[in-house]
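Please keep the sequence and the three-dimensional view at hand while reading.

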Amino acid sequence: MINSRFFNRSELLGFLALAVLLFLILPLSLDIFRLNLVAKYLTYAFVGIGLVLCWGYGGILSLGQGVFFGLGGYCMAMYLKLEASSVANTKIQSTPGIPDFMDWNQLTSLPFFWKPFHSFPITLLAILLVPAFFALIIGAAMFKRRVGGVYFAIITQAIAAILTILIVGQQGYTGGINGITDLRTLHGWDIRTDHAKFILYFVEVVLLFGCIVAAQFIRLTKLGRILVAMREQEDRVRFSGYSVANFKIFAFCAAAVFAAIGGAMFTLEVGFMSPSFVGIVPSIEMVIYTAVGGRMSIFGAVWGALLVNFAKTSLSESFPQLWLFGLGALFIAVVLAFANGLSGIWADHVQPRIDRLLASRKSKSAAGMIADGAPAE
Amino acid sequence: MLVGHQPKDFLLAVSGLTVSFDGFKAVNDLSFYVEENEIRVIIGPNGAGKTTVLDLICGKTRATSGSIQFRGQELTRLRENEIVQAGVGRKFQTPSVFEDLTVFENLEISFPRGRTVFGSLTFQRDDTVKQRVEEVAEMIFLKDRLNTYADQLSHGQKQWLEIGMLLIQDPDLLMLDEPVAGMSVSERAKTAELLNRIIKDRSVLVIEHDMKFVEDIAHKVTVLHQGQILSEGTMEHVKNDPKVIEVYLGH
């Protein structure tokens, strides 16, 4: 079916359902602590949306999205840290005006790459551009040489490991294993208050919907169809006159930017950033959220991030040791039985029933309307 | 290497083409020339290097030495997508269509516009595109299946769809690798009809085993054997060549 609408009927319903849940139901029913937890879960939804484009559509499995999540998060954290390290706040240090961990590590001046993060506009740009540039370099190096599939996944995983080691090792420049902590204000606005957390939640949800719309836009252009085509028949795309590498680089960079926005929001919501959100384990968890939600569905990625993290919080509170096994089992179950995750289950089993129910009601009202037959996707 | 003066009216001039895989020369010092609007069929026993020759021309395999000139442009130095943009289209042996996309979308992707990342983001499905897609869909007998996902098509229909995808590219040189293999008798006849229609204003390079089909369409036949040319000429000439009968047709 050639569909010229931006959302088809079921996507529109998905969009509205998510909007009602995130804008109304959750803020009205949860206390600020729980709402802040939801905000934390949702930061992974950004990564998921990127993975839907890059992995679900483009077939490029990246096991290193934590790198971009972390880069976005660290860019934001560096700005916040500099603001928290004003000369007045740090006058007990041997070098006032630099972040506390630098002082502890005998640094006497701010490293050059920290200096741009005094400026808020530059920080915002860096959150988007640093991960995109990094993805561009990795992507160009890999895809131009036709490295793909499992090899690409392993290399991205290695990069996640390397970046973690680098951050941990360069304690004086990065805050080391503890990360960048004790963040206080954003452009003079205290982010630790309940009120600020409430506002930040809504800022994040608005950004999330912005990313959903952006991803949907990409999906509906010819580029979105080329991603699908590439996943199936890379050679045919090449011999239709396209540079496959460039399209892969684009998808990878787009996914990196989405992940980075999530990372920056994570820093704001949680109030710190550390290497434990960069490495192999978080990167793989991000892929699992996407797989559980459904790697072909932008909304599925959001639901996956919400539900798996909710399960993680509730289960790991009661059975901390078992949680990782549970997560692994969940992933195996999804891969083996439900390749398209929750959204696949919805589209194959729930949606048809609703349609039938609606259709029988419609025919009862004797209007004789013909179902518009939009595709389930 | 055999790079000398070639008359300019050749569309494709292959000279001294060699490719070796770990010392094995799949194509060995091969030279042949295809003229404008010529239909050339390559035949030969299995492993003669037929598909490798097409792979070399379209850039899928890199030549060890030799040259491939297309309209005076050296193809061995270009990337696959640049070769396509230069005007060479390639159909693979097994139908390679995009099964998760509809027939319309398959054809649209091959439409020669918006082939860069930015171009494909801003690509509009305007009337020119729609008209051209419908025109080609009619030629390949899939006009009423435009909204069908390609995985629902039969083997023969997939082959037609891939031919359609090449047609919409409008290449000057069309390369077909066993276009009727695996088709039913009626599909075969329809394909021959289709090919006869689409080969009119372009040069075509075909690999085919079906001798009747070859006789129907070929202007000139090149027989390959162990990566080298065994015989070349009209079908009549080739058929009566004792060397050809010995290694290929006699079986």
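In this predicted model, helix α8 of chain A covers residues 194-220, a run of 27 residues. From its first C-alpha to its last it reaches 39 Å, close to the 39 Å expected at 1.5 Å a residue. The buried residues in α8(A) are Y201(A), E204(A), V205(A), L208(A), C211(A), I212(A) and A215(A). An α-helix has 3.6 residues a turn, so residues three or four places apart point the same way.

Two packed helices are described by the angle between their axes and the distance between the axes. For α2(A) and α11(A), the angle is about 175 degrees and the axes are 7 Å apart. Because of that angle, α2(A) is roughly antiparallel to α11(A). The contact of α2(A) with α11(A) comprises 19 nonpolar, five polar and two charged residues.

T123(A) is situated in helix α5 of chain A, which spans residues 120-143. Is T123(A) buried or exposed? T123(A) is buried, because 22 other C-beta atoms lie within 10 Å, and the cut-off for a buried residue is 20 or more. Apart from neighbours within four places in sequence, T123(A) is in contact with C75(A), M76(A), Y79(A) and F117(A).

Chain B contains ten helices and ten strands. Its radius of gyration is 18 Å, close to the 18 Å that the globule rule gives for 251 residues, so chain B is as compact as a globular protein of that length. Further values for chain B are tabulated below.

| Property of chain B | Value |
|---|---|
| Span of the C-alpha trace along its principal axes | about 50 × 40 × 35 Å |
| Buried share of the 251 residues | 45% |
| Share joining residues at least 24 apart, among contacts between residues at least 6 apart in sequence | 66% |

Finally, the two chains touch. Chain A contributes 22 residues to the contact and chain B contributes 25 residues. On the side of chain A that touches chain B, the elements giving two or more residues are α9 (222-232), α10 (234-238) and α11 (244-270) of chain A. Among them, α9(A) gives the most, with seven residues. By class, this side of chain A has ten nonpolar, six polar and six charged residues.

Terms used. Residues are numbered from 1 along each chain as its sequence is written. Chains are lettered from A and ligands numbered from 1 in the order in which they are written. This is a predicted model: local features need pLDDT of at least 70, side-chain atom pairs count only at pLDDT 80 or more; totals for chains, interfaces and linings use all residues. Two residues are in contact if their C-beta atoms, placed from the backbone, lie within 7 Å. Helices (H or I, at least four residues) and strands (E, at least two) are DSSP runs, numbered from the N terminus. Ala, Val, Leu, Ile, Met, Phe, Trp, Tyr, Cys and Pro count as nonpolar, Asp, Glu, Lys and Arg as charged, and the others, Gly among them, as polar. The expected span of a helix is 1.5 Å times one less than its number of residues. A residue is buried if 20 or more other C-beta atoms lie within 10 Å of its own, exposed if 12 or fewer, and partly exposed in between; C-beta atoms are placed from the backbone. The radius of gyration is taken over C-alpha atoms; the globule rule is 2.2 Å times the number of residues to the power 0.38. Axes are lines fitted to C-alpha atoms, for helices over the stretch in contact, and angles run from 0 to 180 degrees between N-to-C directions. Angles under 35 degrees count as roughly parallel, over 145 as roughly antiparallel, 65 to 115 as roughly perpendicular and the rest as oblique.
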